[in-house]
Each structure stands twice: as structure tokens, then as C-alpha cells.
Amino acid sequence: MTGVAELLRGKDVCICAGSGGVGKTTTSAAIAAGMAARGHRVAVLTIDPAKRLADSLGLPELGNVERRVDPSLFEAEGIETEGGELWAMMLDAKATFDDLIAKHAPDAETRDRILDNRIYRQISNALAGSQEYMAMEKLFELHQESRYDLLVLDTPPSRNALDFLDAPRRLTQFIEGRSLQVFMRPTGLGMKLFGRGTSMMFSVLRRLTGVDLLEDISEFFQAFSGMVGGFQERAKRVNELLADRRTSFVVVCGPQGEPIEEAVYFHRQLVEASLPFGGVIVNKVHFDSEFAVQEGEDPAAELAEAVGDRDLAERAVATLDDYRALAARDRRNIERLTAEMRARRVIQVPYLDEDVHDLAGLMEINRYLFATEPEREALAASR
Amino acid sequence: MADPFEKRLLFVTGKGGVGKSTLSLAIGMAAAERGKRVIVCEVASQEHASRVFRRAEVGFHEVEMRDGLWTISIDPDHSLREYLTIQAPVRAMGEMLSRSRVFTYLTAATPGLKELVTIGKIWELAQLDRKVRRGRKYDLVIVDAPATGHGIGLLQTPRTFATIARVGPIRSQAEALDAYITDHGLTGAVIVALPEEMPVNESELLETELTEELGVAVDRVYMNGIYPERFSDGDADRLEAVAGSVDGGARAAVRAALSEHRRARAHRHQIERLRSLVAADVATLPFIFEPELGVEGIELLAAEVAR
């Protein structure tokens, strides 16, 4: 087994993480399709796939339930999946949050009080971290059901890896609402905690926020108070799943300086948090081997002779020079990344000239994702 | 079509990874060239501007990077502290309030408060009558907004608070913020896209959300990273015909040329799609073949942006 198959051996959860715009969704789909083609039952949970890709895989809009990708699509590509299945689901964070409330609410009345609360309606959509948390919540739920050999999670894009890793903690901390409870009852504990000047502070705050805003928030937290235990327990188990040795975090990035920096940063955070790091996938790489020029060669002269047009040959060589500059940059950045990883767990995928929008495109990516490093170099050189 | 350079407040929005930070600086440079006093606000502590200019991190300070171009990194904690200092009836009290640990808890726990105080600070920067003592007056405030989802959240916050808080200063201030960002004479947004399917689709959605749901004017869509067209279809055919008969560097040159030709064609297609999908004026920006975009690369873009 090589490449991604090697990284994911014995794993039942693969979390693809990284900043926005690096091709994370496509990579997640490609990994899932590749593992399905190798005989596994795989489900990919995704946030917002390209419409053409989703359409070509026969996936409807949001639904929050997983759908099976028609096996005939694999057959059409000449792939024998040997019992493998590909399922996909588009995550609906709000619906997941609502389900979670329904599950934890002690009774129908509490449930409705929360679902109808204006603050809840606001946060279930907009609270920073809620989308991240709900992605993990859904992952956990599917993992509990153990209907799949492998779950691949395409995480919401975030500029900061901590946002994602921190989501369960932040959300439970928020739901506990301890800090705000202090504001609701500005006596006793609150006074002790914050000391002199506290009551004056609260009076200023009340004046600033308007009393009814504080009341809305207060009502929200009261409705939630009975559920805090359930949420905390759940978040604890989600965290256990993330840290499990059968989980693998795969960082997806691009070859430019900034995405590489972010990947390095993300890797460090995973290691610090003792989370299982699998490897890095670098998309859109210009391989050196694709654009190599040997010492002493004069490509412009050679090409001018072949094509019988000096000007055209020179324009082609000018383009080559531009591409070589990009390839040199990519190599430098990837060397830096590889040094940081202290292992050859860096998988490079070339810059393809066309958008990936169907299973055939995913399989093209998989030729690289599932290859050994020398195979990848050879593939790129022969493009 | 409205000119984004004539606004006082300009949000640079778009999907992650499309070059919002770079373009924010490019627009800032172009406006400063025209003699405006400009500040570029970062809101996710990226410190992108300070890195481009090879300067120390700026943090919550207005720092001049070059003639007429300032930058600041806005974070919710500092914004809230400053807000309280300004709001408190007695300054000393505000300062005491803002030093209290209570506010770390408050920002952590109140939904949307981080966004509200952030946009409050952005608004404050755009005022001619600055609330901050001895505050500098800017002609243009540019916001390097967070990626699509969170960016919309940021712009939506004032309206949300104006609805949730029925009375009191928060309500009236949130209303004032909302009125400012939906005033098409004062505030605008530009959307940055890349010539790929997803960013183009997302630009269409983003424009609809900004204009129809939030009431924010979208002044321009910038299609970033467009490859040059160095080869005609005929050129490509002739190169393709000899691809098999050359090797080494010549073959690599053919491959690079054909790749660029294919990408340029794909880019043209996406530019057409974008033009058909969005109502705002679409401007294209060239791909800069440089390993990393430094000040010179951004100057090139600034010249294009100003056209």
C-alpha cells in the first residue's frame, strides 16, 4: 500500500483540515473515492462541494443524510470496487444543531423554548465555531453507528487551525454560560470574582446593552441549564474520537508560502494537542521534473528549429521560465514542509490544467494520492 | 457603476485563498497614490500587511506603511476595551472597567459580540469626527474581510443586534452601524474571485447576499490571477504537432506553453461565466509570476486596480 492508502491503514476516521481555497473538498472526495475503489465502505462528509462535482456524483443539495454514489459511475470508469461503496453527505450545521437540542432536551417544552429563542436562532447559524463543532458532531454520530469502514470529514475552511480544534471546548464553555450567569446575578460569586467596582460595572453594562437583551440571553441560558451535562459528556466523547489512534488528521495545503506556513502551524498544533497526525497533501504543485532543462541545453533554438518559428519558440521558452520559477518556489516550500514533518509524509498532487468536476477527475488525482513518491515524479514527468 | 475608490468604507470579500489580503493592500496603495489617506484593517490577526512591508507586527495600532497608507490589526478584546473607555460616563471608570477580567468572559460568551465590537471599531476609523482622542482622519477605510461565511457574519451583526436589543444604547449604536454600512454613498464592497468554478459560484452567492439580504453595495468584482494569452489556438496546434519530436528543455517548453494556453482558455471561460452571473462590473487582474508576492508584486496589482 502506498500514499494515502498507507496513511489510512487501520484508520476509520480521516479528517481533512486546512485553510480555505486549497482544494480540501476535492481532496476529501478523491480520498473517499480512492478508498472505495479499494474495497472499503466509505462515507465522505462535506460542507460545500462544487456544484458540478456534486451533480456529477448524483448528490442533491443539503440533506444531512448520506447518499450512495451510484456504483455504475465506478463501472463506467472501469473500476472494480470489490465490495467498496462510496457514500457522501452534505452537512447542514443548523439541522445538526437542532437535532442535538432535540436529543438533549429533557422535554418537548424545553426543546421548543430553545429552538424558538431569538438568541439560539442567531447562534445556531452564526456562532463562530458552531459549524466546525457540528461537523464533528455528525462525524461522531456516524462513527457510533459504525456502518462504514472509513469516514472522511472535509472540515470547514478556517484561517486558524485552533478555531477548529477548539470548537468543542468553546461551544460547551459557551453553552455552560457560566460567565454570563454572573452577569445575570451580579451579587455573591460575581462580586467575589471580579472585586471592587463590580456593581458599578454591571450598572454600566445594563445601560449599554439594554435590559431586555440581557433578559433574552438569561432566558436562553436558563433553558439550556438542564442540558449542560449532556453536552459536556458529548463533547468529551467527540474529543476522544478525535484523539483516537484510529483517527488520522490529514492537512491539505497549496505550495505557496502562506499555505505552507499554515500547514506547518497546523501540524504543530496537532502535535501539541496530541492528536493523530497522518500527513500533508500539497495540491497544485508545479513539479521540477515536469519543466526540467538540462545544463547546456538551448531549448529556444531546438524548438525554433522543430516548429520553424523563432518568435513562437521564444514565447514558449518565456512561459517555461515562468513555470520553472513556480516549480522552484514549490520545491523550496515543500522542502521546508518536509523538513518540518521529519518524515516523508508529504504527498504532492500536480497543478491540473482543468477543474475537477467528476469521478474521472477524482481518479486522476488519485493516481498521485495513492502512488509512491518515485511513481508520482515519473507520472508528473510524463504528463 | 459606483467607483469603489470614492467610498469611505470598503469591504474586500470573497472565498478563502482568492487573494483578499493582497488585493486589500493593492487597492490601498492605488488609493494612496491618488492622494488619499487610507487605512487597511485586518480582522483575523494575520499581520499580512506588516509581513509584506517587512515590518514589526502592528497589532491594534494605526501604523503608516508608506506615504498615505496605514494599517491596523483589529481584535475584539482591544476594540471592546476602547469602546468602553469611550462610552463610560467618566473616563477613569471606563479605563477601570476595561482592565477588568470581566470583559474577557463577556466577549467569550456573548454570541456575536466579537463581530459587533470589531465592526464598531471599523466604523469608528471611518468617522471624520473620530471618537478616539486625536484620531487621524482617513479618506478611505479598507477592510480585509474574513472568508465568505464569516465575512457575511461580520456585516450582518449590527442588524442582528439592532433586532435583538429592543432598546438602549446598543440598539441605537447597532442601528447607526447598519445604516452606515448599507449607505451606498459611504460604504461599498468588492468581491475577489479566482478563475475556477467554486470561487465564481461563490461570488454570485456572495453578491446576492450582500446586495439583497444585507443591503450592502457591491461596487466591483475582481477576477484575480488571470494567465496571459501568449499563444493563439494556431500557435498551440503547431506546438502540439512537434511535441512528440522534441525532448528535454524544448519538450518542457512545449508542455509549459500548452498548459498556459489551456489555463488561459479555462480562465476566459470562467470570466464569461462570472460576467453572466454577477450584476457588478467585473475587472480582471493578471497572475503575477513571482515566487512570493512582495511589495513590488502588489505595486503591479495596484497599477492594474487603478485602471
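Two strands count as paired here if DSSP finds at least two bridges between them. I keep that in mind for the first entry, and also that this is a predicted model.

**Strands in chain A.** I looked up what strand β7 of chain A, residues 277-285, does with β8(A): the two pair in the parallel sense, over four bridges. Then I checked cover on β8(A), residues 346-350, and found the strand mostly covered, with four of its five residues buried.

**α6 and α8 in chain B.** Next I went to helix α6 (residues 113-126) and helix α8 (residues 169-181) of chain B, whose axes come within 11 Å and cross at roughly 60°. I have the crossing down as left-handed. On the α6(B) side I listed B:Leu116, B:Ile119, B:Gly120 and B:Trp123; on the α8(B) side, B:Ala174, B:Leu177 and B:Tyr180. I sorted the contact residues by class and got six nonpolar, one polar and no charged.

**α10 and α11 in chain B.** Last pair: helix α10 (residues 233-242) packs on helix α11 (residues 248-277) of chain B at an angle of about 145°, with the axes 10 Å apart. Here too I wrote down a left-handed crossing, α10(B) passing α11(B). Which residues meet? From α10(B) I have B:Ala236, B:Leu239, B:Glu240 and B:Val242, and from α11(B) B:Val254, B:Ala257, B:Leu258 and B:His261. My class count for this contact is six nonpolar, one polar and one charged.

Key:
Residues numbered from 1 in each chain as written. Chains lettered and ligands numbered in written order. Predicted model: local features only at pLDDT ≥ 70, side-chain atom pairs only at ≥ 80, totals over all residues. Buried ≥ 20, exposed ≤ 12 C-beta atoms within 10 Å, placed from the backbone. Axes fitted to C-alpha atoms, helices over the stretch in contact; angles between N-to-C directions. Left-handed = near helix turned anticlockwise from the far one by under 90°. Contact = placed C-beta atoms within 7 Å. Nonpolar A, V, L, I, M, F, W, Y, C, P; charged D, E, K, R; others polar.
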